[in-house]
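Hi,

Here is the structure I promised to pass on.

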Amino acid sequence: VSERAVDILGYPLEQWFERDFWAEHIHPDDRERAVRECRAATEAGRDHDFEYRSIAADGRVVWIRDVVRVGDGALRGVMIDVTEQREAEEELRFQAQLLDTVDAAVIATDRAGLITHWNRHAEKLFGWSRTEALGSDGVRVVTPPGGREFVASLRGRLESGETVEDEFVLARRGGTTFTSWMRAAPVMNRDGRCIGFVGVAVDATERKRAQLELEQRTTQQAMVASLGQRALEGVGLTRLMDEVAFVIGETLDAELTGILEFLADDEALLLQAGCGWRSGVVRKARFPMRSPSVAVAALERGEPV
């Protein structure tokens, strides 16, 4: 037993030579397994290595890796303290499990752009499994064709230490695109050097649609309210129709608007008001009912067309 054993677990060197010392100081939860694995390998004459927890003299739990060689009636090997490594692995495992519970796609890449982390929601959002994504080119996996130039400019901002939040067009497996809200940030080492990137993305398609619908409803309601107010003010019908045609054109950003009156006697539609028409057409132009048109179809069906 080398003196290094004292540094690892803290027990006096002479105690190591006591019978069953090794087994008695293995953590109770690992003792049976560790002894069984060592005995089975030894009886088979097989070199082996395995990890387990030991209890140090001061009560600390120490992760040990034993690398054992079997031969000439003896076991020879080294005992390595891997506590920091195991704790780091546990921390990474915990973080990965934590990120899997996040209701957003979490993607990390190294500085070369190869994917190093791909959580469960990323699988759902983009359609690529974790196994398929890890080690792949992140640009190819999540951006549509032609996105490399944009990513190059984004990467420059990230490498300078900037965190970027914005809407981006991303691609699913199969090539379909969608609008995403994404927050991307650089990953720095202790020396302040960029070693990779991490991004959090959510599908903003529904949010975008809902926002546009809300804006449209708000605009339409304001338009109706303003026209209603003008009608209550007693504005003449001709002028009110002119204002309706103008407001509708402005609200919907339409190039052409028209209010058509059905003239039963003439079986025609008269353009009573409108915007976008050439001079002299409004209140003069007539459209025969026998001509197929959207306006005729709407009038015949009694519903929007």
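A quick word on the model: it is predicted, so local features need pLDDT of at least 70 and side-chain atom pairs count only at pLDDT 80 or more, while totals for chains, interfaces and linings use all residues. Residues are numbered from 1 along each chain as its sequence is written, and side-chain values use heavy atoms, with hydrogens and water left out.

**The sheet**

Three strands form an open sheet in the order β1-β2-β3, with antiparallel pairing. The edges are β1 (48-55) and β3 (74-81), each with a single partner strand, so one side of each has no neighbour in the sheet. On average, neighbouring strands are turned by 30 degrees against each other, direction ignored. (Helices, H or I with at least four residues, and strands, E with at least two, are DSSP runs numbered from the N terminus; two strands pair if DSSP finds at least two bridges between them.)

β2 (residues 61-71) and β3 pair in the antiparallel sense over eight bridges. Arg 69 stands opposite Arg 76 in β3. Helix α3 (residues 28-43) packs on the sheet and touches β1, β2 and β3, where contact means heavy atoms within 4.5 Å. The direction of α3 makes about 155 degrees with that of β1 (axes are lines fitted to C-alpha atoms, for helices over the stretch in contact, and angles run from 0 to 180 degrees between N-to-C directions).

**Two aspartates with positive phi**

Asp 20 has phi near 65 degrees and is in the loop between α1 and α2. Asp 72, in the loop between β2 and β3, has a positive phi of about 55 degrees although it is not a glycine. Asp 20 is partly exposed, with a relative accessible area of 47%, whereas Asp 72 is exposed at 76%. (Buried means under 20% relative accessible area, exposed over 50%, partly exposed in between, with a 1.4 Å probe and protein chains only.)

**Ser 136**

This serine is in the loop between α6 (130-133) and α7 (138-142). Ser 136 counts as buried because its relative accessibility is 11%. A polar atom of the Ser 136 side chain lies 2.8 Å from the backbone oxygen of Glu 132. Not counting residues up to four places away in sequence, Ser 136 touches Gly 113, Leu 114, Ile 115 and Val 141.

Cheers

How values were computed
Polar contact = N/O pair within 3.5 Å; in protein donor to acceptor, adjacent residues only side chain to side chain.
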